[in-house]
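Hi there,

Here is the structure I promised to pass on to you. Please open it beside this message and follow along as you read.

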Amino acid sequence: MAAVAGVTGPAGGPGSPDVRGARDGSGLAGGAEPVRVLIVDDDALVRAGLSMILGGLPDLLVVGEAADGGEVPAAVAAYAPDVVLMDIRMPRVDGLAATEALRTQPHPPEVLVLTTFDADEQVLRALRAGAAGFLLKDTPPADIVHAVRRVAAGEAMLSPTVTRTLINHVTAANPGLPGPDPRQERALRLLGGLSERERQVAIALGRGRTNAEIAGELFMSVATVKAYVSRLLTRLDLNNRVQVALLVHDADLV
């Protein structure tokens, strides 16, 4: 396979079949495969720092880097990442546009947005488009590792407090027209069509609960919780649990 234009492998060299093929999971218990990570940021120092943080861990594998959102489709096709660390602000194609395009594809990787600002309209739009969470660029290394592992496991990386703060900040900065809030009306209508149990699980997602926590609170097995989450995504026509949480916040139920 030829090198992908503008995209590099984890050591900074051109992409190669060897990078894409490194999926044997060596060093992991039970032969499990490592989580494959693609780093997208226009700052070479940020990319290098993230590669250093993630690259030495046996359960994480940095498979490639890209310097612009326009390079993401080719990089994803070349390296098949499980998680994309995506800078939100890039000069040509930003992380918002790249996330929106990526999440419309069949079986897309999870996206963790990287940002300098913790209350940013673009971040909220990326979350609504399907990003699994966001990280500040000054997040401690251990927390970055935890976030990658968590979203790779299908969990959200967004606390309910941060969600509410983000929504309130953006709403205050962009006041709507007087009268009923169409976003809240839509959220209430969609959630109103759920069964009582589905609604309980949705609200728990809005509170930032993990599958195990929901199972404990609602006296269900973790497998049953996962089935309910999958059912919610289908019924609400959403593609991850962060979007369910945002819908619950839009309805002002948490």
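Below I go through what was found, from the whole chain down to single residues.

Please keep in mind that this is a predicted model. The protein chain has 12 helices and six strands. It is 254 residues long, and 46% of them count as buried. If you take the contacts with a separation of 6 or more, 68% of them are between residues 24 or more positions apart.

Strand E4, residues 83–87, runs parallel to E5, and five bridges join the two. To find this pairing on your screen, look for Asp87, which stands opposite Leu114 in E5. On the way from E4 to E5 the chain passes through helix H4, residues 95–102, and this β-α-β crossover is right-handed.

E5 is also joined to strand E6, residues 133–136, by four bridges, and these two strands run parallel as well. Here you can look for Leu112, whose bridge partner in E6 is Gly133.

Next, have a look at two helices. Helix H10 spans residues 211–218 and helix H11 spans residues 222–236. How do their axes cross? They come within 8 Å and cross at roughly 105 degrees. An angle from 65 to 115 degrees counts as roughly perpendicular, so that is how H10 and H11 lie to each other. On the H10 side, the contact is made by Asn211, Ala212, Ile214 and Ala215, and on the H11 side by Val222, Val225, Lys226 and Val229. Sorted by class, this contact has six nonpolar residues, one polar and one charged.

Finally, two single residues deserve a visit. Ala80 is not a glycine, yet it has a positive phi of about 45 degrees. You will find Ala80 in the loop between helix H3 (72–79) and E4. With a relative accessibility of 22%, Ala80 counts as partly exposed. Asp237 is not a glycine either, and its phi is positive too, at about 55 degrees. Asp237 sits in the loop between H11 and helix H12 (241–250). Its relative accessibility is 70%, so Asp237 counts as exposed.

Enjoy exploring!

Best wishes

Technical notes. Residues numbered from 1 in each chain as written. Predicted model: local features only at pLDDT ≥ 70, side-chain atom pairs only at ≥ 80, totals over all residues. Heavy atoms only, no water. Pairing = 2+ DSSP bridges. Right-handed = clockwise from strand over helix to strand, strands pointing away. Axes fitted to C-alpha atoms, helices over the stretch in contact; angles between N-to-C directions. Parallel < 35°, antiparallel > 145°, perpendicular 65-115°, else oblique. Contact = heavy atoms within 4.5 Å. Nonpolar A, V, L, I, M, F, W, Y, C, P; charged D, E, K, R; others polar. Buried < 20%, exposed > 50% of the residue type's maximum accessible area, 1.4 Å probe, protein only.
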